[in-house]
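Look at the sequence and the structure together. The report below walks through them a piece at a time.

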Amino acid sequence: MAALSMTWSCSPLTSSKFRRVNRYPGMAFASVKSTEGLGNLPKVVLTSPHGSEAELYLYGACVTSWKVDSKDLLFVRPDAVFNGQKPISGGIPHCFPQFGPGPIQQHGFGRNMNWSLVSSENVEEKPVVTVELRDGPYSRAMWDYSFHALYKITLDKKTLSTELTVTNTDNKPFSFTTALHTYFRASVTGASVSGLKGCKTLNKVPDPTNPVEGKEERDVVTFPGFVDCVYLDTPNELQLDNGLGDKISIKNINWSDAVVWNPHLTMEQSYKNFVCVENAKIGKVQLEPDQSWTAVQHLTVA
């Protein structure tokens, strides 16, 4: 880690206030600021020395904004609710410990629980924030296991990186599925995803409860209508053309699968303005007591 070029004045577990001390006037530095967002929900703002910016809500540990050159590359739906009662619809919501429907509520509970701030730091002039989620009465009522999830967000000039680590802190094994349900700002008629050719597919459009198995034959996946498809054993990098002039690399470590989704007319208010390309773990991750699982995502705009 490079020597800090600023100081952070707080104990992040007891205070929500950060202060940046610039020792070199006229020069830009990385910063992290805790503030109130929509609905008075706690929000953390990361700013890189290059001017890129990201916003993280502690409710759901949801990254709602990632700006490069003042252009937001993520999308929050106009019907999103910021009341601490309902998951934030947009940005990068968590699906944990369940992706999709299943024994517990849709996409699990990670996206509608309050995560706690663990630390903030400056690593080689990149702002880094780590938050955590632990089990509690709400989670145990539907998934009776003790766990610890750490989520680290790192912002660079043109890259937003996330690292999710889940640890089994129980005395019995458990399994889970998970995903980062990333909403990218896009023009749906011009957007496309490359890198999926040859992957096994589970097409959920005909019947979400009984996906049709197949194989992706296209070099470029587009969004001509309602799209809801799971891709298994995907490569560690996909490319998104958002149809707005941006090419975004979606790299991953240990996210073995991907989901491509656009609701089309079922969400008529906003479907034309976004596409979802989600790193996922569709097959169950099995953890014995004290075992951990980690997955990393790197989003980079060209």
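## Around E278

E278 touches F99, L180, H181, T182, D257, A258, V259 and W261, leaving out residues up to four places away in sequence. E278 sits in strand β21, which covers residues 274-287. Is E278 buried or exposed? With a relative accessible area of 1%, E278 is buried, because buried means under 20%. All of this is read from a predicted model.

## The listed active site

One of the contacts of E278 is H181. The side chains of E278 and H181 are joined by a polar contact of 3.3 Å. An unreviewed UniProt entry lists H181 and E278 under "active site". The two are spread over 98 residues of sequence, yet they cluster in space, with a largest C-alpha distance of 5.0 Å.

H181 lies in a loop, between β11 (174-180) and β12 (183-185). The relative accessible area of H181 is 9%, so H181 is buried too. Which residues does H181 touch, not counting those up to four places away in sequence? They are G91, I92, P93, C95, H107, W261, C276 and E278. W261 is among the contacts of H181, and W261 is also among those of E278.

## Nonpolar cores

The largest nonpolar core has 62 residues. Within this core, W66, V131, Y151, F176, F184, V275 and W293 touch the most other members. Which strand gives the core its largest share? Strand β9 (residues 147-155) does, with five residues.

Take W293 from the largest core. Beyond its neighbours within four places in sequence, W293 is in contact with L164, T165, V166, F176, T178, N254, W255, K281, V285 and L287.

## Aromatic pairs

How many aromatic pairs are there? The count comes to 19. F96 and F109 form an edge-to-face pair, 6.1 Å centre to centre, with 85 degrees between the planes. F96 and F109 are both in the loop between β6 (94-95) and β7 (116-123), 13 residues apart. Both F96 and F109 are buried.

F109 also pairs with F147. This pair is tilted, at 5.9 Å centre to centre and 35 degrees between the planes. It links distant parts of the chain: F109 is in the loop between β6 and β7, F147 is in strand β9, and they are 38 residues apart. F147 is buried, as is F109. Ring pairs link F96, F109, W143, Y145, F147, F174, F176, W255 and W293 into a cluster.

## A threonine in strand β8

T130 is found in strand β8, residues 126-134. T130 counts as buried, because its relative accessibility is 9%. Leaving aside residues up to four places away in sequence, T130 touches S116, L117, V118, S119, L150, Y151 and K152. Y151 is one of the residues that touch the most other members of the largest nonpolar core.

## Confidence

The mean pLDDT of the chain is 92. A pLDDT of 70 or more is reached by 91% of the residues.

Conventions:
Residues numbered from 1 in each chain as written. Predicted model: local features only at pLDDT ≥ 70, side-chain atom pairs only at ≥ 80, totals over all residues. Heavy atoms only, no water. UniProt positions renumbered as here; feature names shortened; annotations may be inferred. Helix = DSSP H or I, 4+ residues; strand = E, 2+ residues; numbered from the N terminus. Buried < 20%, exposed > 50% of the residue type's maximum accessible area, 1.4 Å probe, protein only. Contact = heavy atoms within 4.5 Å. Polar contact = N/O pair within 3.5 Å; in protein donor to acceptor, adjacent residues only side chain to side chain. pLDDT = per-residue confidence, 0-100. Core = buried A, V, L, I, M, F, W, Y, C linked by side-chain atoms within 4.5 Å. Phe/Tyr/Trp six-rings, centres within 6.5 Å; stacked < 30°, edge-to-face > 60°.
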